[in-house]
Amino acid sequence: MPLPALLCLCAAAAASTARGDYRLAGLFPMHSPQPRDAPQPLVDSCDDPTTFKYHGYALSQAMRFAVEEINNSSTLLPNITLGYDIYDTCSEPANLHATLRALVQKDGREVEVLSTFRNYEPQAVAVIGPDCSDVALTTAAVLSVFLVPVISYEASSEVLSQKRLYPSFLRTIPSDGQQVKAIFQLMKNFGWNWVALLGSNNAYGRDGLDALQRLLNENNMCVAYRGTFALNADASSQELHNLAAILRDIKVNVTVIFANRQSVHPFFKVMVQRNVTGMVWVGSEDWSLDQTIRQIPGIQNIGTVIGISVEMMDPAMVERFVSWKAEKSPVAEQDDSVEGGGENGGSAQLDCTQRCTACHLSASALDTYDTQASFNVYSAVYTVAHGLHDLLGCASGACSKGTVYPWQLLEKIKQVNFTLYKNPISFDDGGDIHKGYDIIMWNWSSKSSAFDVIGTFSVNPDRLIIDQDKILWHTEDNQAPTSQCSKGCQPGERQVQQNHHRCCFTCMACPPETFLNRSGGKFDLVVAFVPQTAPPRVVTSSWHVQMSFAWDKQQESPTSESPATVTNPLLAAGHLAASAYTWAEEGGKDEGGEPLNTGDLYSCQSCGADQWSPVSSEACFNRTIEFLSWFDPISWALLIPTVLLLLLMAGLAVLFALNFSTPVVKSAGGKMCFFMLGSLACSCSSIFCYFGEPTLHTCLLRHPLYAISFSIFLSCMTTRSFQIICIFKLNARWPALYEAWLRRGGPVLFIAASTAAQTGLCLAVEAASPSVPRRNYDTWPDRVALECGGAGWVSATAYTVLLSACCFALSYAGKDLPASYNEAKCLTCSLLLHLACSAAVLCTQGAFRGRAQATVQVLSSLCTLGALMAGYFFPKAFVILLRPHLNTPEHFQMAIQSYTRRLADS
């Protein structure tokens, strides 16, 4: 297939070329495109001195410099010479023409259409360029059919990384995907979440804005406005003036401009004219180092300009390149560039995309932007050379000359890994170079340097480093300006969205028992308050704070400081909530430095049943588990009298056993007194069930053991009081009643019946409402009380109160009996104390919970048992030990006779 009509305005011949064993094609924009109205894609001559672009010319010289260095090297490609064809891609038709020229079959003038291009040998083994993404999309699509390596030095569109569409495309400039990440990290570093996005209306600008907006939306950052401007607009464009008005109206402090340098120049002219000042402008790498934009009159008033720039090259390469250019006189350059047709020989007629009159008249110095792009070209040429080095087996010291097919060279180029002036050169699977960015700032005050490097962005892993001390902000206090629709909420406050922008919100505090999950993954702050000297889950007067973190990602958990002793759990909770907030905001990053705080900032999440949180909390804390511990000081204050009481009962039993035959012991009930002391001991033993964490066994024994044992004691007391009254008062009137009472075993039957009734009552209540351990969450927000459920103790207490009332009535009825048989006064006081304690427990059952409730019940039991011991047994022991002369039959006979005479006299 002959070349199409694209060449109809050109005289096809070879020029701007150099002979070599293997030829490279270089595509460089050395002239600006001219407006034209043509019905067909005709290629006009690019050689117009008025549209000359020194930048493109400098890049072409970088390619020539690299080829000359490689040809002079004795190690990289020994006995091999590289040649080149340089084309001026001043327009899209010119770019397509140059692409097809590179595809022309070697030793021919046609691009053949074959069933397979495996053995196709084009004119150029690789193509360096083109410069921008728009034309690179065309070049890469055409050359990828032939698998001719295309290594661009400035085309950064992320679309070109799709190997399914562009399998032979590589580049020595980082992809826009990495640039977008760098801009995002920059905005995140300064907390800017309310920004405007502007871009040029081409593939570079649109694709960059799309990728950046997606990344911002995924991270809850908001785009206040997004717009594009035409590539060929000028300072009089109404579109640019409208953008200036919009930027003032939306009141953003940060604007990101993702555009090429040609379209940014008129944009900033309009911004200066419309007096748009006091903003932060974030620039993409294409224009951030452009000197012509920085030299616009009055531009220093627009604010702070921060840009993304490809990593600075080694100054040594720049010096060598500049020295080489200085050695090349205009005449020498012209002679070098017209070498009679390359390998084929022929005339020296100039192709319309290879003529450049102004090139040999230019003596401009390289600026920073030129040197950056020149190194990209330089790297691309060396990449091809290293690929040829591996393909031709040059490691042995000599290269084997032979036919090189593009697909063979492409495979080798993808695998290159070398260092060029301290810069590692290698490519990933998408053909993107492993290269980072410098973060630069326009310095308005410096005369020596127009741009200052204030930070870096490295890849694999992605990491942004900013030197805050190097930044000169436009603000009066030299502090980074804010750009937020709404100020951030305080810790523990959720965001209530006001409109479709997630960054515009009001703040509302999370209520108690809820928390705001700022963290990513599953972040829980677990806090347990434990005593200094006690096992876990025990409440004491002082606390330790323990903190741990749980994540759903495999990573090392953050370590906390050693437990700090505090005296107030609420203060500790507040302190740890603040710590969790700080960690989630400033820490909480994965191994690559990416934040994990992707939690829900718009809703408060409920804490678990065993957790609590104060108002405005960002973490849930484990509730303190409260019960009456064996180790509490108050427990020791209760256990000591309990043990003493049991020892007194044992001592009384021994005393009564030693004096069993004496009248005092017989009047106390004889054998029954031992039964009474045993029941009191069992009642006292039930007190131990109130200490320690409630279990099923302690809950089941606590109330029934006390109630049944105490009922036995009261039944014995009631029986004895009834017997004494019968002997002294009723026997004379109704002797048969007392005889029947004794003959039918009345005392035993009454005690058994009374005990059986209490036992049945306890069993029935336990069956209806079992006394099992339960957690009480309702009393305190920050504590959970371990209690025994069920209401059986209320019924049992009521029954003992009934027995106490009967015993009290019988004791009071015998108040005028002989002194040796009269315990009315002491028993009355004891029973009244018991009734008061029972009433107090019944009335305060809803007022106390947990440890306090158990303490009240233990105190009530101790008071009751101690009072009954003092009222009934202590007087008997007092007589036995200290008044032995009253413990004789004669004394008791005298008391009975005195009582009989008193009755007779009455």
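Trainee: How many helices and strands does the protein chain have?
Mentor: The secondary structure comprises 23 helices and 28 strands, where helices (H or I, at least four residues) and strands (E, at least two) are DSSP runs numbered from the N terminus. This is a predicted model, in which local features need pLDDT of at least 70, side-chain atom pairs count only at pLDDT 80 or more, and totals for chains, interfaces and linings use all residues. Residues are numbered from 1 along each chain as its sequence is written, and side-chain values use heavy atoms, with hydrogens and water left out.

Trainee: What percentage of the residues count as buried?
Mentor: Of the 906 residues of the protein chain, 51% are buried, meaning under 20% relative accessible area (1.4 Å probe, protein chains only).

Trainee: Turning to strand β9, is it mostly covered or exposed?
Mentor: Strand β9, residues 254-258, is mostly covered, with 5 of its 5 residues buried.

Trainee: Which residues lie on each side of β9?
Mentor: V254, V256 and F258 are on one side, and T255 and I257 are on the other; both faces are covered. In a regular strand, side chains alternate between the two faces of the sheet.

Trainee: Which way do β7 and β9 run?
Mentor: Strand β7 (residues 194-200) and β9 run parallel, joined by 4 bridges; pairing requires that DSSP finds at least two bridges between two strands. A196 stands opposite T255 in β9.

Trainee: And what about β10?
Mentor: Strand β10 (residues 279-283) pairs with β9 in the parallel sense, over 4 bridges. Here V254 stands opposite V280 in β10.

Methods: Buried < 20%, exposed > 50% of the residue type's maximum accessible area, 1.4 Å probe, protein only.
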